Amino acid sequence: MDLGILKQALAGKSGARLKLWMEICARCGLCAQGCHFFQSDPRPEHVPAYRLKPLAELIRKKGDVDEAFMQWLVDTAYGTCTMCQRCTMFCPHGISIAFLVRATRALAVSQGMTPQGLASGLANALEFGNNLGITEEEYIETVEWQLEELQAEMPDAVAPIDKKGAEVLVTFHPRDIKFYPQNLYCYLKLYNAAGLDFTLTSAKGWDSTNIGLFAGDDPAAAELAGRVVAAGENLGVRTILTAE
Amino acid sequence: MTLLSLYDFAAGPLFAFSFSVFALGSGWRVLRFVLLARAADPAALKGFRPSWALKSILRWLVPANITARENALMTAAGFSFHLALLGVALFFSAHVVLVDLAWDVSWPTLPDEAADWLTYLFLASAAFLAWRRLSLPHVRALTTASDWLVLALTAAPMLTGLIAYRQWGDYDLFITLHVLSGNLMLLAVPFTKLSHAVLFFVSRAVTGSDFGKRNVGAW
């Protein structure tokens, strides 16, 4: 652990919103109603506002914490939240708990404590351009295979790759390429049926799920988002359709 | 210092001080948010969507939101608590008379009987909030000492005011405690979660604007 870096990360995250929301949370627990963790397993640790505790404690201690504390922080920030933001809908103050959870995750990232599964997905995303480590060749092959299948049903169907000047750049969740190509089939069918002027990209950036954002790793998040933007700009599209 | 001179001090110079701290401190909390947000990202304010911010504030100022539908009891308690507190503080006849005597400005008042009932309503809501903190495990787990302190700071002027008005105890004592606790509550606003008195509007505006950008409704 490097307390200097931790304190630096905390200072970097302590902006207007963090201060605002950490200070006005009334700890009323109304957010519990919106949380699927709490609804399926109503433990106190599953109340969204509970996820603010490690951050509040860290601010109170001015960053002077130990390894066990950080482990609790990691378990809370990564283990009890999918950052879906439903809790914000139920909060009378409209506090973005997901924003605060992401700030908390950034503190874990600053200590190299990103959970293993996320860390390897993130390494994949940075290296291969998608978090499942699909190679460009595999990606193109999967698209061509599904297009072929689709053409049996819809002979005029197309799936242009790197078509300059198309209206829309379609991006994917890599899960739909690797595990559920049937989903890819359905997307292509839908866009063709709708007469959408779309293109795919062969560049890194075809995966628009930003695992860096989810992990709380800001530089990685910026890199991954930048690739999607660059892919869109290079092709001159007007709209980028992001994945679920 | 006798009780009555303490009262005179608390209702005079101390109140002027507390009210100034309350007003300036609350204003500073809002200004600080804007300054910090602008320092972090000068473009952040440009993306602000005022109409969505306003919609979001309105949906929670009148109970037209998902929590009001799904948690009606807590919403009723919350609204009773806040409306009764503001109603009695601003429109109880004795309060308005004091302002009139001091600054020669006046406004309509509540009938004393209504103020009485509002106070009972407030105390019942406060009791409900306290009960909720104690009895719901997930709320108890969130609760900190400052939550109890802030609830006590808010309830104290209402309770002592009622006791003084009804003359249930030593009037001089309770009216002095009433004014002192009122001062304390005002002083606490900028420095505790009571700052939501003003920051509620800032927070809802921020979230309303964010959600508006995504076209997902004015939560």
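## A salt bridge between the chains

The side chains of Glu23(A) and Arg32(B) form a salt bridge, with N and O 3.1 Å apart. This pair belongs to a predicted model, as do all the features described below.

## The interface of chain A and chain B

How many residues of each chain take part in the contact? On one side there are 30 residues of chain A, and they are in contact with 35 residues of chain B. The two chains bury about 2,900 Å² between them, and carbon and sulfur atoms give 61% of this area.

Polar contacts are present as well, with 16 residue pairs found across the interface of chain A and chain B. On the side of chain A that touches chain B, helix 2 (16-24) and helix 6 (86-90) each supply at least two residues. Helix 2 of chain A gives the largest share, 7 residues. Sorted by class, this side of chain A has 19 nonpolar, 6 polar and 5 charged residues.

## Two domains within chain A

Chain A is assigned two domains, domain 1 (3-113) and domain 2 (133-241). Their C-alpha centres lie 33 Å apart. In chain A, 8 residues of domain 1 are in contact with 6 residues of domain 2. The area buried between these domains is about 580 Å², with 50% of it from carbon and sulfur atoms. Which three residues supply more than any others of the area that domain 1 buries against domain 2? They are Arg102(A), Arg105(A) and Val109(A), which together supply 62% of that area.

Between the two domains of chain A the count is 2 salt bridges. One salt bridge in chain A brings together the side chains of Asp218(A) and Lys13(A), at 2.7 Å from N to O. Across the domain interface, 4 residue pairs are in polar contact. Helix 7 (residues 97-110) of chain A gives the most to the side of domain 1 that touches domain 2, with 4 residues. By class, that side of domain 1 has 4 nonpolar, 1 polar and 3 charged residues.

## Other salt bridges in chain A

Arg60(A) and Glu57(A) form a salt bridge whose closest N and O atoms are 3.1 Å apart. Both residues belong to helix 4 (residues 53-60) of chain A; they are 3 residues apart and are therefore separated by about one helical turn. Arg60(A) is exposed, with a relative accessible area of 57%, whereas Glu57(A) is partly exposed at 24%. Elsewhere, salt bridges that share partners join Lys13(A), Arg102(A) and Asp218(A) into one network.

The side chains of Asp41(A) and Arg43(A) also meet in a salt bridge, at 3.1 Å from N to O. Asp41(A) is partly exposed, with a relative accessible area of 32%, and Arg43(A) is partly exposed at 38%.

Conventions:
Residues are numbered from 1 along each chain as its sequence is written. Chains are lettered from A and ligands numbered from 1 in the order in which they are written. This is a predicted model: local features need pLDDT of at least 70, side-chain atom pairs count only at pLDDT 80 or more; totals for chains, interfaces and linings use all residues. Side-chain values use heavy atoms; hydrogens and water are left out. Domain bounds come from an automatic or database domain assignment. Contact means heavy atoms within 4.5 Å. Buried area is the accessible area (1.4 Å probe) that two parts lose on being put together, summed over both. A salt bridge is a side-chain nitrogen of Lys or Arg within 4 Å of a carboxyl oxygen of Asp or Glu. A polar contact is a pair of N or O atoms within 3.5 Å; within protein, one must be able to donate a hydrogen and the other to accept it, and residues adjacent in sequence count only if both atoms are side-chain atoms. Ala, Val, Leu, Ile, Met, Phe, Trp, Tyr, Cys and Pro count as nonpolar, Asp, Glu, Lys and Arg as charged, and the others, Gly among them, as polar. Buried means under 20% relative accessible area, exposed over 50%, partly exposed in between (1.4 Å probe, protein chains only).
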